[in-house]
Number of protein chains: 2
Amino acid sequence: MAAVYASMDLGGTNIKAVLAGPDGKVLVSKSVPTEAHEGPDAVLSRMATLMASLQDEAGAKPEALGMGVPGLADVANGVTKFLPNLPTQWRDVPVAETLGGRLGHPVYLLNDVRMATLGELTFGHGKTANTMAFFAVGTGIGGGLVVDGKLRLGPLGAAGELGHLTIVPDGPRCGCGNYGCMEALASATAMTAEGVRLMLIGLAPELHKSTGGNADAVTTKAMSEAAAAGDDAIKEALVRAARYLGIGVANVVTALHPDLIVIGGGAAGIGDLLFDTVRETVRERVKMFPTDAIGIKPSLLGDQAGALGGIALAMKGGLTPP
Amino acid sequence: MAAVYASMDLGGTNIKAVLAGPDGKVLVSKSVPTEAHEGPDAVLSRMATLMASLQDEAGAKPEALGMGVPGLADVANGVTKFLPNLPTQWRDVPVAETLGGRLGHPVYLLNDVRMATLGELTFGHGKTANTMAFFAVGTGIGGGLVVDGKLRLGPLGAAGELGHLTIVPDGPRCGCGNYGCMEALASATAMTAEGVRLMLIGLAPELHKSTGGNADAVTTKAMSEAAAAGDDAIKEALVRAARYLGIGVANVVTALHPDLIVIGGGAAGIGDLLFDTVRETVRERVKMFPTDAIGIKPSLLGDQAGALGGIALAMKGGLTPP
């Protein structure tokens, strides 16, 4: 039987785990609530139990585990550093050592979006790319860069934070503390906030109909459908956000001349309206060299990019920063 | 005797050439007018004559020549592509082949600012850097990126055009066709235009005194001195431009987490006012990881960065894109 690898994604709400073969074919997958309030020890125990149950189900013991964490990790030592969406006790937790000891195989840590980038690189559109950028447009905007076939980590595994490129110098406050970050202008959170505003001032009748006027029901999907149904103001809002995203993409293109830009995350579901706007913005903004050959594509792996990135990380035996 | 290498910089006004040893010590240097209007054949002949004269003077034949060109070149084949400041006949001129044939040694082409980046990497501050960005702030703003010790070229040798990062989406028109590029906001040309405006509306008495009110005499050096002498509006204008530069630097830092940023070109002579503002802007804008360890320095090689980059290029036997 071929070797089996494990992947785990530590999120603020859920822990998702999969086992897969070296071809990226998922054998089993399972998800449990993180219950982060119980603290790192309890969460690590839950992870060990989750892995044991997957292992039983698959009837195979993985060679190694790649784990994505929502923030900064000391990649070389497998220690969590700064996970903004989890309780503060996660600073300096030796996850790789603790969990690796219990599981009996190596555990490698990486930022979750860098891990998704690695997934797209190894099993997705990136397979044939030399240099690519990955934008995960969801609640926030995460990112990852691959230069000359290698995931760019930087000394803290924090390079590639593309959601925090400044797009509008005097723009709105970002969660990170800066102003005018791409995340503050083009994340699903930014898009839906604008959708709610437009709905409240009466400019989005279709969105009002589909959500019952309920702000919490406004999603990028609902906005996308409302735009298609005739809400022009909503369409404009989505295009405006996509243009901000496009400026960030254009800047990455100007700096690195990659062959591939991948856009994933929930907001990628907006589809052509978003992708066409990004492509147009790159054409308008990058004048120093032709950009027609640069692919700007939705993630091939979709919401599996992170999970398969963990498999790739486990197969690689971890990464060495920078 | 140790090997000798040659470097040449093809500019719109002058052709500068040097011979140097593998330690970057310049043996001889010489400059002649480009006389670009005479066309590529005449210019290439002038180059060959210039090289012969340097060779005579040094009493040594170089192993190879690294040549910087002001625009795009097909790096792999040594063919000029798009040199915006030279006549259009330079499109598709096989410079490496033609000149190499006459000189009897290999000739390698590279964009001039990428060549300066290679110079700073090989003989300057970059010697100990893993990842660095070079900003050449002069009439325009050129750039270059080094990732994991390797100059990033991209498929056309055009990656690293950092002067054309969009900084202000609705900003002023740039020479490249885009709006709000760093070059349109923070080049010496942009700074001095603002200096002239302030002088004409009476807000720069010191600058008026030192230049005799002559717009053509307004340089970043004159502005720098006027700021020091008490022209607050000029000081503000320089700080404002430096902040735009700083936003571009912050974006490169966020994307790549380099260990070194080098700022060269004439405007780097503004000194602390510029460098302190750039450092402050990076601190304010990059919140995702600590940036204190990232060096932000003036070029160690100053106006020799390009020349020594040519030497490095010759020593390397050219570069392979991307």
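The model is predicted. Chain A contains 10 helices and 12 strands. Its radius of gyration is 20 Å, close to the 20 Å that the globule rule gives for 322 residues, so chain A is as compact as a globular protein of that length. In the interface, 38 residues of chain A are in contact with 38 residues of chain B.

**Overall form of chain A**

- The C-alpha trace of chain A spans about 55 × 45 × 35 Å along its principal axes.
- Of the 322 residues in chain A, 56% are buried.
- Among contacts in chain A with a separation of 6 or more, 63% are between residues 24 or more positions apart.

**Interface between chains A and B**

- The contact joins 38 residues of chain A to 38 residues of chain B. On the chain A side, the elements that give two or more residues are strand 9 (141-147) and helix 8 (232-256).
- Helix 8 of chain A supplies the largest share of that side, 7 residues.
- By class, the side of chain A that touches chain B has 21 nonpolar, 11 polar and 6 charged residues.

**Helix 7 of chain A and its packing on helix 8**

- Helix 7 of chain A covers residues 220-228, and its buried residues are A:Thr220, A:Ala222, A:Met223, A:Ser224, A:Ala226 and A:Ala227.
- These buried residues pack against helix 5 (188-200), helix 6 (205-211), helix 8 and helix 9 (272-285) of chain A.
- Two packed helices are described by the angle between their axes and the distance between the axes. For helix 7 and helix 8 of chain A, the angle is about 125 degrees and the axes are 7 Å apart.
- Angles of 65 to 115 degrees count as roughly perpendicular and those over 145 as roughly antiparallel; helix 7 and helix 8 of chain A are therefore oblique to each other.
- The crossing of helix 7 of chain A past helix 8 of chain A is left-handed.
- From helix 7 of chain A, the residues A:Met223, A:Ser224, A:Ala226 and A:Ala227 meet A:Ile234, A:Lys235 and A:Leu238 in helix 8 of chain A. The residues of this contact divide into 5 nonpolar, 1 polar and 1 charged.

**Helix 3 and helix 10 of chain A**

- Helix 3 (residues 112-123) and helix 10 (residues 305-316) of chain A pack at an angle of about 80 degrees, and their axes are 6 Å apart.
- Helix 3 of chain A and helix 10 of chain A are therefore roughly perpendicular to each other.
- On the helix 3 side of chain A, the contact includes A:Met115, A:Leu118, A:Gly119 and A:Phe123, while the helix 10 side of chain A includes A:Leu308, A:Gly309, A:Gly310 and A:Leu313.
- This contact of helix 3 of chain A with helix 10 of chain A has 8 nonpolar, 6 polar and 2 charged residues.

**B:Ile234 in helix 8 of chain B**

- B:Ile234 lies in helix 8 (residues 232-256) of chain B.
- A residue is buried if 20 or more other C-beta atoms lie within 10 Å of its own; with 28 C-beta neighbours inside 10 Å, B:Ile234 therefore counts as buried.
- Leaving aside neighbours within four places in sequence, B:Ile234 is in contact with B:Gly195, B:Leu198, B:Ala204, B:Leu207, B:Met223, B:Ala226 and B:Ala227.
- B:Ile234 and B:Glu206 are 28 residues apart along the chain, and their C-alpha atoms are separated by 9.4 Å.

**Loop residues and positive phi values**

- Most residues other than glycine have a negative phi.
- A:Glu35, which is not a glycine, has a positive phi of about 50 degrees. A:Glu35 is in the loop between strand 3 (26-33) and helix 1 (40-58) of chain A, and is partly exposed, with 13 other C-beta atoms within 10 Å.
- B:Asp92 also has a positive phi, near 65 degrees. B:Asp92 is in the loop between strand 6 (79-82) and helix 2 (95-103) of chain B, and counts as exposed with 11 C-beta neighbours inside 10 Å.
- B:Arg91 is found in the loop between strand 6 and helix 2 of chain B. B:Arg91 is partly exposed, with 15 other C-beta atoms within 10 Å.
- Not counting residues up to four places away in sequence, B:Arg91 touches B:Lys81 and B:Phe82.

Note on methods. Residues numbered from 1 in each chain as written. Chains lettered and ligands numbered in written order. Predicted model: local features only at pLDDT ≥ 70, side-chain atom pairs only at ≥ 80, totals over all residues. Contact = placed C-beta atoms within 7 Å. Helix = DSSP H or I, 4+ residues; strand = E, 2+ residues; numbered from the N terminus. Nonpolar A, V, L, I, M, F, W, Y, C, P; charged D, E, K, R; others polar. Buried ≥ 20, exposed ≤ 12 C-beta atoms within 10 Å, placed from the backbone. Rg over C-alpha atoms; globule rule 2.2 N^0.38 Å. Axes fitted to C-alpha atoms, helices over the stretch in contact; angles between N-to-C directions. Parallel < 35°, antiparallel > 145°, perpendicular 65-115°, else oblique. Left-handed = near helix turned anticlockwise from the far one by under 90°.
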